[in-house]
Amino acid sequence: MDAISIQGVTKTYRIGVGRARVREMAPWPLDRALRRLFPSWWVRDTFNALQDVSVTVRSGSSVGIVGHNGAGKTTLLKVIAGVTSPTSGVAVVSGRMAALIDILIGFHPEMTGRENAYLLGAVHGFNRSSMSSRIDRIFEFAEIDDMADTPLKRYSSGMVARLGFAVISALDAEI
């Protein structure tokens, strides 16, 4: 059985969205000056981070993704994790997945650490009772037991990262 199936995935990003608005609003003399000063603003508007990628990972396999900077490794992982959608193609994940990429997505600074842990668990498909059985273990692992009922905005960045990692690692994921 396939745990991950990627078929013909392409991810295209628009480049210079803010610049495009400047170009549209600029009167023609300014437009000409901007073209001379910043020719790249008019050259390309999109960038393919992934282009027609197909990968199959069988259950029980281990896979490493290696490549140079800008090769699309992180974009591929974000597509697999469902953090971003492919522009075209299909990405199918069979089984419960806990991604360490962008572990802080969904955290809210006004909510307490405990509330954020329950929220992140819910995002990954866990109900309140299954998270309640894990919550003490999560805060003990993150070494922030005494901060559980403090709003996240009072946490240091390291504490927030530890909480995110502790929640993800407690989710008993298959992938």
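The questions and answers below go through terms used for this predicted model and the values behind them.

Residues are numbered from 1 along each chain as its sequence is written, and side-chain values use heavy atoms, with hydrogens and water left out. Because the model is predicted, local features need pLDDT of at least 70 and side-chain atom pairs count only at pLDDT 80 or more, while totals for chains, interfaces and linings use all residues.

Q: Why is Thr75 called buried?
A: Buried means under 20% relative accessible area, exposed over 50%, and partly exposed in between (1.4 Å probe, protein chains only). Thr75 has a relative accessible area of 12%, so it is buried. This residue lies in helix H3. Buried residues make up 32% of the 175 residues in the protein.

Q: What is Thr75 in contact with, leaving aside its neighbours within four places in sequence?
A: Contact means heavy atoms within 4.5 Å. With those neighbours left aside, Thr75 is in contact with Lys11, Tyr13, Ala49, Leu50 and Thr84.

Q: Why does Asp52 count as exposed?
A: The relative accessibility of Asp52 is 57%, so Asp52 counts as exposed. Asp52 lies in strand S2. Its phi is near 50°, a positive value in a residue other than glycine. Most residues other than glycine have a negative phi.

Q: Where is Glu143 found, and what makes it exposed?
A: Glu143 is found in the loop between H5 and H6. Its relative accessible area is 64%, and therefore Glu143 is exposed. Phi of Glu143 is positive too, near 60°.

Q: Why is Lys153 called partly exposed?
A: Lys153 has 43% relative accessibility, so it counts as partly exposed. Lys153 is found in the loop between H5 and H6.

Q: Which residues of helix H4 are buried, and what do they pack against?
A: In H4 (residues 113-123), the buried residues are Gly113, Asn116, Ala117, Tyr118, Leu120 and Gly121. They pack against helix H5 (128-142) and helix H6 (157-169). H4 is followed by Gly125, whose phi is positive, near 90°.

Q: What makes a group of residues a nonpolar core, and which residues touch the most other members of the largest one?
A: A nonpolar core is a set of buried Ala, Val, Leu, Ile, Met, Phe, Trp, Tyr and Cys residues joined through side-chain atoms within 4.5 Å. The largest such core has 25 residues, and Met131, Ile138, Phe139, Ile144, Tyr155, Leu163 and Val167 touch the most other members. H4, H5 and H6 are the elements that give two or more residues to this core. H6 gives the largest share, six residues. A second, separate core of ten residues includes Ile4, Val53, Val57 and Ile80.

Q: What makes a space a pocket, and what is the volume of the largest pocket?
A: On a 1 Å grid over the protein atoms alone, a pocket is an open set of points where a 1.4 Å probe fits, with protein on both sides within 12 Å along at least five of seven lines; lining residues have an atom within 4 Å of a point. Grid points are joined across faces, edges and corners, and a volume is the space filled by probe spheres set on the points. The largest pocket has a volume of about 540 Å³. It is lined by 25 residues, of which Ile4, Val57, Ile80, Met97 and Ile175 lie nearest its centre.

Q: What is the lining of the largest pocket by class?
A: Ala, Val, Leu, Ile, Met, Phe, Trp, Tyr, Cys and Pro count as nonpolar, Asp, Glu, Lys and Arg as charged, and the others, Gly among them, as polar. On that basis the lining has 17 nonpolar, six polar and two charged residues. Helix H3 supplies the largest share of the lining, four residues.
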